[in-house]
Each structure stands twice: as C-alpha cells, then as structure tokens.
Amino acid sequence: MYPRAFRVDINPYECFGVRLPIVERMSQTRFITLEGGEGVGKSTLMTGLCEWLTQRGINVRQTREPGGTPIADAIRQLFKSPPGGEAITAEGEALLVSAARTQHVVNVIRPFLHSGNWVICDRFADSTRVYQGLFGGVPLNELEWLIKFSTAGLEPDLTFLLDCDVSLSAQRIGGRKSSGEIAPNERYDNAAQHVHDRLREGFRKVAGFYPSRFFILDASRSKDDVLRQACKELERRWQL
Ligand code: TMP
C-alpha cells in the first residue's frame, strides 16, 4: 500500500469531474449485509432499505442466513432446534452454517448479483466470526479458512452493524415476543445479559477488523432515524 500522500483516490462515479449518468452509476450490483445481536432491528431496516432502493430504480433482493435455499432452510431448522435437544458444539455450528452458506452463495446470492440485482442479506459470515468465533471459542484463523471455502471468496461491499445497549434490545425482544410478532429464539432470547454483552462486544470488535466495509448504526434511535443514517451512508458511498 502506498503512503496516503502518493495515492490517487479515483471516484468511479465521475469522469474528469463530470458526474456519470445515473444509469451508469447504478449498473454495478452491490452485496450488503446487516449484522448485530438479537433484537437490534435488522428486519425493520431491511424493509426500509429495500423500499428506498426500489424507489431509486434499483432491483433489490432480500435474503437471510442461515437459510435462503431449501437445503439452507432445512439446516437453519436443525441449527435453531437441534433434534433431541442435543447440544451442538461451536465447531458443529460453524460447519452447519457454512454448509448452508455455500448453498446460499452458489444458488441464490451470486445468481442474483449476476442478473443485476443488489442483494441485502440479514446476517452473513460476520455472524459466524462473532457467534462461533469470539463467543463460541472457535479460533478465528480456522473460521477464516472455512468462511473463504464456503463463500468462494464472496465478501459484502458494505455491512451495516446495528449497535445498541443490550437492555434496549432485550426490551424490544420481549415486546415482539409477547405480541406474537416473532418466534422465540430459545438459544439466545433467555440468555443472561452478559451473553448479549459479549455478542455486542464481538460485533464491535469484528467491525474494527474491517473498518472500510463496516458502517455502525446507532440502533437506539427510532426506526426512521436508523433508516435515515443507513440511506445517507449509501448516498455517500455510491452517490445514489
Ligand atoms: P435470526 O435469523 O433470528 O437472527 O437467527 C439466527 C441465529 O443464528 C442467531 O441467533 C445468530 C445465529 N447465527 C450463528 O450463530 N452463526 C451464523 O453464522 C449465522 C448466520 C447466524
């Protein structure tokens, strides 16, 4: 890498100072992921972002992990409700989510991107780094190999991390569960606060590993405000 003073920052959306037409600026597809602990508002942000991008003439597809294909959805089921209540090791979890991910990347995400769609995915490999790695104890260098293998090197262009105080997300989970809006996630919903604190810290740490890819959103704000922060970042990065 050259020292900053010698680098020329090229703006792909401008040519000799002239802004390219909107069609050309949008011709490149993008892969965006949403990450964060439980109850931070990823689904709400997903809906808002898809509407906002669609209004700008962008074809956008939403998906989630683990899941997104019939096989990956079956793995999700296995992962979230292990048969016979058998405990899964963190290594077993990493392998399961990776098997689901390879199906998802090859059969859904890459084809969508190749056919001109933007893709927004609720969770991706950063969740593996946090849940199975920093929280579950699987060494990160082993996970990196597995992630590269299961994604064939596909990385998000941008990751929004929804970050807020754990007591607030716990309150939101409680509210949505009692209104029947979400199915309980038995593994984490009833976990002690220190578990959620460690997950939050894990995400913030992973965001620090990839500072240019991550954008941290203050998820304690209202849902409109969170969406506004995210759209502003999309405009800033890609001149939408
Ligand atoms: P959710 O879709 O309701 O967020 O549930 C997915 C759960 O799976 C959540 O608790 C996080 C967990 N998970 C992992 O442990 N590792 C992963 O790689 C992914 C994608 C999810």
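I shall speak about the ligand and its surroundings, then about charged side chains, and finally about two further residues.

A word on the basis of this talk. This is a predicted model, in which local features need pLDDT of at least 70 and side-chain atom pairs count only at pLDDT 80 or more, while totals for chains, interfaces and linings use all residues. Residues are numbered from 1 along each chain as its sequence is written, and side-chain values use heavy atoms, with hydrogens and water left out.

Let us begin with the ligand. Which residues are the closest to the ligand? They are E38, R76, R123, T128 and Q132, out of 16 residues that surround the ligand; a residue counts as near if one of its heavy atoms lies within 4 Å. Some of these residues make polar contacts, meaning pairs of N or O atoms within 3.5 Å; within protein, one atom must be able to donate a hydrogen and the other to accept it, and residues adjacent in sequence count only if both atoms are side-chain atoms. In the side chain of R123, an N or O atom is 2.9 Å from an oxygen atom of the ligand. T128 places a polar side-chain atom 2.6 Å from a ligand oxygen atom, and Q132 has a polar side-chain atom 2.8 Å from a ligand nitrogen atom. On its own the ligand has 480 Å² of accessible area, of which the protein covers 91%; these areas come from the Shrake-Rupley method with a 1.4 Å probe, and for residues only the protein chains shown count as cover.

Which elements give two or more residues to this shell? They are α3 (70–80), α4 (90–114) and α5. Helices (H or I, at least four residues) and strands (E, at least two) are DSSP runs, numbered from the N terminus. The largest share, four residues, comes from α5. This helix is mostly covered, with nine of its 11 residues buried, where buried means under 20% relative accessible area, exposed means over 50%, and partly exposed lies in between (1.4 Å probe, protein chains only). Among the buried residues of α5 are D126, T128, R129 and Q132. After α5 comes G137, with a positive phi near 95°.

I turn now to charge. Side chains of opposite charge can pair when their charged atoms come close. The structure holds 13 salt bridges, each defined as a side-chain nitrogen of Lys or Arg within 4 Å of a carboxyl oxygen of Asp or Glu. One of them joins E144 to R129, with the closest N and O atoms 2.7 Å apart. This pair links distant parts of the chain, as E144 is in helix α6 (residues 140–151) and R129 is in helix α5 (residues 125–135), 15 residues apart. E144 is partly exposed at 29% relative accessibility, whereas R129 is buried at 8%. Both belong to a network of salt bridges that links D126, R129, E144 and R213.

A second pair is D163 and R204, whose closest N and O atoms are 2.7 Å apart. D163 is buried, with a relative accessible area of 9%, and R204 is partly exposed at 37%.

The side chain of E35 does reach the backbone nitrogen of F124, at 2.8 Å.

Two residues remain. D122 lies in strand β5 (residues 118–122) and is buried at 14% relative accessibility. Its C-alpha atom is 6.3 Å from that of T63, although D122 and T63 are 59 residues apart in sequence. G68 is in the loop between β4 (60–64) and α3 and is partly exposed at 31%. The C-alpha atoms of G68 and H104 are separated by 5.8 Å, the two residues being 36 apart along the chain.
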